[in-house]
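Welcome, and thanks for taking a look.

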Amino acid sequence: MTTDRMRIGIAGINGRVGRLLREEVTAAGATLAGGTSRDPHADRSEGLFATLDDLAPLCDAVIDFTHAVTVRAHAAALAKAGVAWVLGTTGLSDIDQEAVATAARTIPVVQAANYSPGVTLVTRLARQMAEVLPAAVYDAEILEMHHRQKVDAPSGTALAIGQAVADGRGIDLSSHMESGRTGHTGPRQADAIGFASLRGGQIVGEHTLTFTSASEQIALTHRAFDRRVFATGAVRAALWLRGRPPGLYTMEDVLGLR
């Protein structure tokens, strides 16, 4: 590292979150090393690069909110350059996730479906509540709503909350997940984790987890009003990574919760 100011690069710097990340990196007192852009007409003299292979050597950390199709290439580029990685991309396949885990043996990686401190706390509480609220008595359901442009459902954050519930109950999420119910589905399975997705307008993100029994209901709700909360959290994670050993970390680590 050649200066005291951390050099942070942004994958997809001209995207909706990328533009906010640019502002938050500067506000945090770090150096914006540049970013990647798929625009073939981008001015490469303005710190814009076509690939992460070109950007990574200029960085101490890269923040990546791009697309699952880029994950394996980005993992290889950052591991080769020895650059820390803040990964917020969701919808990863098992092979993609293995590439992340492989990179984390060489570089420090923070991976989270959502970089909001509030969502981090919700997932932690979801796990704790699932440990003490038995599935035979308390039905777990997750409702999420996002803007009309969102292409995946359930959201990565909803899945992270569901995974926290599954972890708390010691079960596998994929075999207990019920999503998009329609038609004559029969009675609800006692140990199911239900998901429902709504889309409309420009909702940044709303997630509600409920545990419902025959006699009571407990609800945890998080609403994001501004995408900036994700950018602020991701920059916080990038700064936290400075000097960390290789490994796969979460926002719970960044917030000092474990």
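The notes below go from the ground rules to the sheet, its helices and the histidine.

This is a predicted model, where local features need pLDDT of at least 70, side-chain atom pairs count only at pLDDT 80 or more, and totals for chains, interfaces and linings use all residues. Residues are numbered from 1 along each chain as its sequence is written, and side-chain values use heavy atoms, with hydrogens and water left out.

**The sheet**
- Five strands make an open, mixed sheet in the order E8-E9-E7-E10-E11; strands (E, at least two residues) and helices (H or I, at least four) are DSSP runs numbered from the N terminus.
- Strand E8 (177–179) and strand E11 (217–224) are the edge strands, each pairing on one side only; pairing takes at least two DSSP bridges between two strands.
- From one strand to the next, the twist averages 15 degrees, with axes fitted to C-alpha atoms (for helices over the stretch in contact) and angles from 0 to 180 degrees between N-to-C directions.
- E8 runs parallel to strand E9 (residues 193–199), joined over three bridges, and Ser179 stands opposite Phe195 in E9.

**Helices on the sheet**
- Helix H5 (residues 117–132) packs on the sheet and touches strand E10 (205–212) and E11, its direction making about 165 degrees with that of E11; contact means heavy atoms within 4.5 Å.
- Helix H6 (residues 156–169) also packs on the sheet, touching strand E7 (139–146), E8, E9 and E10, at about 25 degrees to the direction of E10.

**His74**
- His74 lies in helix H3 (residues 71–81).
- His74 counts as buried because its relative accessibility is 10%, the classes being buried under 20% relative accessible area, exposed over 50% and partly exposed in between (1.4 Å probe, protein chains only).
- Leaving aside residues up to four places away in sequence, His74 touches Ala11, Leu52, Asp64, Thr66 and Trp85.
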